[in-house]
Amino acid sequence: MYLRKLPSFRHTLAFRLTLWYAGIFTISSCVAFLLFYMLITSVIGQRTDQELVDQVGQFSTLLAVRGIETVKRVAVLEAQAAGVKKIFFRLLSRDGQAFSSSNMSYWKDIGIRRVAIERLLSGSSHVFETIVIPERKHKVRILYSIIGPGIILQLGQSMENYSRFIEAFKRIFIPTMAFLIVLAAVVGWFMARRALSGVEAVTRTARNISGGALEKRVPVKTRGDEIDRLAITFNQMLDRIQTLVTGIKEMGDNIAHDLRSPITRIRGIAEVTLTTGKSVGEYENMAASTIEECDRLLDMINTMLMISETEAGVDKLVREEMDIAELVRNVCELFEPTAEDKGVTMNCDVPEKCPLIGDIRMIQRMLANLLDNAIKYTPAAGTVSVSVCKNEGQKVVVSVKDTGIGISPSDLPHIFERFFRCDQSRSQTGIGLGLSLARAIVQAHGGDIAVTSSPNEGSTFTVTLPNSSPSGS
Ligand code: ADP
């Protein structure tokens, strides 16, 4: 069971972070210990050498003051006092021959190095040497030095203290290092787990969501670190996905609902004609009604496709230079007869010229939708006013104002949603897609559409389009 889990565990980020943490900790501890070791050994080595030099100095003075016989005696006595296994003295002539020494029974393996004597004679004040005696535990440090005319002192000292220190150091160092590495791995593991707990929460939530729980969110702590930012971004993405999914579902429901009515009507007409209709005229009426209903369906499907395409991106637009003043004048002229038929007065306050870059067909469609609504939802004797101007930011502002039935404050936030229709406008023809398309077109041009309205007083739709004319005028 555990063995099977191990390979996947080895690939976890927590395991790799722990490994890195413990690895870096081990390397830095080893480097620190090594530096400490080198420093301590060098200090101990220097102290040993200094002791030897000091002793040589004393013998030099003794020779000068008391003569060689006293030096010979003191050497024997000093070696006895320190312990014959600790130190030895040997007096040599210039040709390297020993003429006196302390008890050398323990040091008989140590000879006299010709090279050291030669170096002394060629001018060196002290010559040091370290000797390893195979069957002995401790090394021996030896100093050759001239203490008087033609007299060389060979002074040897066991490096027992030095070796003891190294051994003690190793005894402490190895278990301490092992303990610290284990501690670093444990601490590293906990730290990595703690740091990655947020990522695990995101993973858990993502797993729940893939199981269908779209309303789940990652808990956000108040640390404000990278994991919190990941959780916030992830939650925002989920909000967006949820809105989209709900939107798609609602749109599906709406499409089903809006398709059902015309199809039911087509079926009804066909059924009635089939059961009761006898004359060619009745069949002709059925065909005409069917064509009318089909046109309505096609119009709805085409408008929906257009909204989707426009919302998909600006690339779909065919941008060209145009005069929006002229475009608005033309659309007003087109709707003039409809307004007249309804007894609605139309005012068109448009400047001589107003250049703009945009998709003419799309902007025409957007203006037509706004004007169509304004006339449709304004009773007889009302007024529809269209104006074009530039605001302080030199953006083109097109406004369509009517004195119609208006929109209630509760409906106002929803009128740009697909298939949304206010209750009081149900008596009018329409499918509730005109404003969705208008908004999609305006947004694809980088502009904005806003509405203000009061029930029974009228509505004003204001479209602001960025003035991207080449002259910027
Ligand atoms: P419709 O095909 O129903 O006109 P729209 O998307 O163009 O669909 O408009 C959505 C709803 O907004 C309309 O059903 C209507 O209730 C409301 N509306 C739009 N324009 C106006 C207006 N000028 N005055 C009053 N209500 C309006």
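Ser100 lies in strand 2 (residues 98-101); helices (H or I, at least four residues) and strands (E, at least two) are DSSP runs, numbered from the N terminus. Ser100 counts as buried because its relative accessibility is 16%, where buried means under 20% relative accessible area, exposed over 50%, and partly exposed in between (1.4 Å probe, protein chains only). Keep in mind that this is a predicted model, in which local features need pLDDT of at least 70, side-chain atom pairs count only at pLDDT 80 or more, and totals for chains, interfaces and linings use all residues. Residues are numbered from 1 along each chain as its sequence is written, and side-chain values use heavy atoms, with hydrogens and water left out.

**Around Ser100 and Asp54**
- Apart from neighbours within four places in sequence, Ser100 is in contact (heavy atoms within 4.5 Å) with Lys72, Arg90 and Leu91.
- Asp54 belongs to helix 2 (residues 13-66) and is partly exposed, with a relative accessible area of 40%.
- From C-alpha to C-alpha, Asp54 and Val84 are 19 Å apart in space, and they are 30 residues apart in sequence.

- Strand 11 (residues 448-454) has a covered face with Ile449, Val451 and Ser453, while Asp448, Ala450, Thr452 and Ser454 make up the uncovered one.
- Strand 11 and strand 12 (residues 458-465) pair in the antiparallel sense over seven bridges; two strands pair if DSSP finds at least two bridges between them.
- Ser454 stands opposite Gly458 in strand 12.
- Three residues sit between the two strands of this hairpin, and Asn456 takes a positive phi near 65°.

**A nonpolar patch**
- Tyr21, Phe179, Leu183, Val187 and Met191 form a nonpolar patch on the surface, with about 450 Å² of accessible area together.
- Helix 5 (residues 160-210) gives the largest share of this patch, four residues.
- Met191 lies in helix 5 and, at 46% relative accessibility, counts as partly exposed.

**The whole chain**
- The protein chain has ten helices and twelve strands.
- Its radius of gyration is 51 Å, well over the 23 Å that the globule rule gives for 473 residues, so the chain is more spread out than a compact globule. This radius is taken over C-alpha atoms, and the rule is 2.2 Å times the number of residues to the power 0.38.
- Along the principal axes, the C-alpha atoms fill a box of roughly 155 × 65 × 35 Å.
- Buried residues make up 36% of the 473 residues.

How values were computed
Patch = residues over 30% accessible without salt bridge, like charges linked within 9 Å, V, L, I, M, F, W, Y side chains within 5 Å. Areas by Shrake-Rupley, 256 points an atom, 1.4 Å probe, with all protein chains shown as cover. Salt bridge = Lys/Arg side-chain N within 4 Å of Asp/Glu carboxyl O.
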